[in-house]
Amino acid sequence: MAANLDAIRAQTQMLGQRTLRRWGPPALQGWTNLDALFRKACTVFGLAIVGLLVFIVAELVRGSAPSLLRFGSSFVVDKLWDPVTERFGAATFIYGTVVSSAIALLIAVPLGVGVAIFLVEMAPRQVSVTVGFLVELLAAIPSIVYGLWGLFVLAPIVRDHLAPALRATLGFIPLFSGPSFGVGMLTAGLILSIMILPFIAAVSRDVLAAVPQAQREGSLAVGATKWETIWQVVIPYGRAGIGGAIILALGRALGETMAATMVIGNTPQIAASLFQPGYTMASVIANEYSEASGPLYLSALTEVGLLLFVVTFAVNGCARVLIWRMARGAGRHE
Amino acid sequence: MHRLTTLLLWSLAFALGVGCKQSSPTATSNEGPQAAQAAPAGPVTLNGAGSTFVYPMMSRWSSEYQKLAPEVQVNYQSIGSGGGIRQLIAHTVQFGATDAPMTDDQLKEAKSPVLHVPLVMGAVVATYNLPDLPHAIRFSPEALAGIFLGEITTWNDSKIASANSDMKLPATPIVVVHRSDGSGTTFVWADYLSKVSPAWKTKVGAATSLNWPVGIGGKGNEGVSGTVRQTPGAIGYVEMTYAIQNKMPFGQVKNQAGNFVEPTIDSVTAAAAGALSTIPDDLRYSITNSPAPNGYPICGTVWAVVYQDTPPGPARKALVGFLKWVLHEGQKFCGPLDYSPLPADLVQRADAKLESIGVAAK
């Protein structure tokens, strides 16, 4: 009986091998080294990402060729965007994208890292789980909901409370001068900061939670306070990971379209005051692409898309170098 | 272990492969009976795309028409007028719908001749956020142009106040709100301002997106109306249907004859009727600033754009049949949705356009 079972088992194994040899694709017949197969498959997947990127850039360059030839480098510095006379410059959009993302990061980074520190180092388990869940829930809200909430709730608050308060205290700085309509660069930055907060908080939380307990215990054992432990041991240990979270969030802020469009005011200008309306690259594409007529107009919008790609690439690259340096510095410090 | 995984993977792949093979015959067998059933007339899908403004109207038309002609299915995608024209040029749709007539360049790009068939009209109204006014504000063309050029900056400016002497307008600063997305509504608004204000014509001009001299941009009707509602002293422009359905206040505008006219379904039709003599043969007209004494001066038309040489067959028959029905019986569905029907004389001229489909192409 037992011998019989063994025979069946052996036969089944043989059948498995034979099935692959006989019925698998011709290239794989006789192939038994599955590790090699796996490696090849993964290489193909990895290269597909690179291929996709190259394809997108090539397609954007092709689409924006008429505009590239017509305006050349002046496209990047020209502030005029006039679809009627077909004169296009993207400086105001580049400015809007960079400034609104910068505001968002300025607010969301301390807040997000603070949330992560609280959740990992201080909060009781029950609170940590609940608040962590709520923070992650923020990431699941569609951007149009953020946009409409920004327009109907946040914009009036900015106009009636935040802007007057800033003007009264910091009004001597041009950034906080002049009237506020509610919608504008500051409101856009605020909305973006709320939208990227969960990315920074959730990833930083996981990074901090992964810091070995021995590091904390060691620090406490030599007499460090909780504050010193967090600030000088836990955070430096997780620096690279937190940096990664910030880059992820920055990417989201640079490319965010719908929410920014609803609250930024969509006015192509470079204004000194953050209360004034502005315009982002993603917004102008979303606003004008569907009704754009004429090959030059379309290609100018496509070139804005190409520039968005370039700006994202450059900003991300800078951020990565910065964080790499910081991480290395941290390593030396230890 | 490896063998087992491979076996599993391959059996999965096989299952999927077989599944695909099986699904394709099922799909054909699904189409089979339908095709056989309606063999003489044949089910026809009319693909159209374009104007978002006409979308609610088009949905109503297509559902009403299907009751009469069950074999015709109108599939309309509201991707925007510019998109509709692009799709027509690319031959992916049988008809486009647009709030602005095709430009000469676009007609050239289309290669074969394109016909413009007006379908329905609508007003663009000035909506504002000023509390406690006894009645609608009256705007002169100079006042509107001045406001949107940024020359008039407060509500109690004499250019606005002179036409509203019976009520006291506040000294609130004016905040101009405009559409940020490319839109036929913007085109109609700017087209009107270009006609009444030489300064507007030279400085700004008319198109679906503009280089605005002043103001903040809101995305879509909801963006403009939302910003106007949130901002005291704001003024913006939206389609009349949208303003009525959302109970927003809107002003009267002085027309060419010197009368202040309230935008209504009838005053738009009247504006078109009064401008008939100025409408060119190809029906690529603009009826803004109409000379009609009781016509509201800021209104636009939605055109269906179709190829004159649409190839003969059931699709062309369905296309002509549907558009013809829209021009006649279909017009009675306009009013309930706050759109304005075409005047009778214009319907006749549109009919002639429809009848010429296929004629010149022989």
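This is a predicted model: local features need pLDDT of at least 70, side-chain atom pairs count only at pLDDT 80 or more; totals for chains, interfaces and linings use all residues.
Student: Which residues touch the most other members of the largest nonpolar core?
Tutor: I200(A) is one of them, along with I196(A), V263(A) and C299(B). That core has 170 residues.
Student: Which helix gives the most to this core?
Tutor: Helix α8 of chain A, residues 185–209. It contributes 16 residues.
Student: Back to A108(A). What lies there in α5(A)?
Tutor: A kink of about 30°. It comes shortly before the proline P110(A).
Student: How far does helix α5 of chain A reach from its first C-alpha to its last?
Tutor: 45 Å, close to the 46 Å expected at 1.5 Å a residue. The helix runs over residues 91–122 and has 32 residues.
Student: What else is in chain A? How many helices and strands?
Tutor: 13 helices and 2 strands. The chain has 334 residues, and 35% of them count as buried.
Student: How is chain A split into domains?
Tutor: Domain 1 is 2–66 and domain 2 is 72–333. At their boundary, 7 residues of domain 1 of chain A are in contact with 8 residues of domain 2 of chain A.
Student: Which elements give two or more residues to the domain 1 side there?
Tutor: α2 (34–63) and α3 (65–71) of chain A. α2(A) gives the most, with 4 residues. By class, that side of domain 1 of chain A has 5 nonpolar residues, 2 polar and no charged.
Student: Switch to chain B. How many helices and strands there?
Tutor: Chain B has 13 helices and 11 strands. Of its 362 residues, 48% count as buried.
Student: What about contacts in chain B between residues at least 6 apart in sequence: what percentage join residues at least 24 apart?
Tutor: 73% in chain B. The figure for chain A is 76%.
Student: And how is chain B divided?
Tutor: Domain 1 takes 45–121 + 299–355, and domain 2 takes 123–278.
Student: Last topic, the two chains. How many residues of chain B are in contact with chain A?
Tutor: 34 residues of chain B, touching 31 residues of chain A.
Student: Where does the largest share of the chain B side come from?
Tutor: α1(B), with 6 residues. Elements of chain B that each supply at least two residues include α1 (2–37), α4 (104–110) and α9 (220–230).
Student: How many nonpolar, polar and charged residues are on that side?
Tutor: The side of chain B that touches chain A has 9 nonpolar, 21 polar and 4 charged residues.

Notes: Residues are numbered from 1 along each chain as its sequence is written. Chains are lettered from A and ligands numbered from 1 in the order in which they are written. A nonpolar core is a set of buried Ala, Val, Leu, Ile, Met, Phe, Trp, Tyr and Cys residues joined through C-beta atoms within 7 Å. A residue is buried if 20 or more other C-beta atoms lie within 10 Å of its own, exposed if 12 or fewer, and partly exposed in between; C-beta atoms are placed from the backbone. Domain bounds come from an automatic or database domain assignment. Two residues are in contact if their C-beta atoms, placed from the backbone, lie within 7 Å. Ala, Val, Leu, Ile, Met, Phe, Trp, Tyr, Cys and Pro count as nonpolar, Asp, Glu, Lys and Arg as charged, and the others, Gly among them, as polar. The expected span of a helix is 1.5 Å times one less than its number of residues. The bend at a residue is the angle between axes fitted to the seven residues ending there and the seven starting there.
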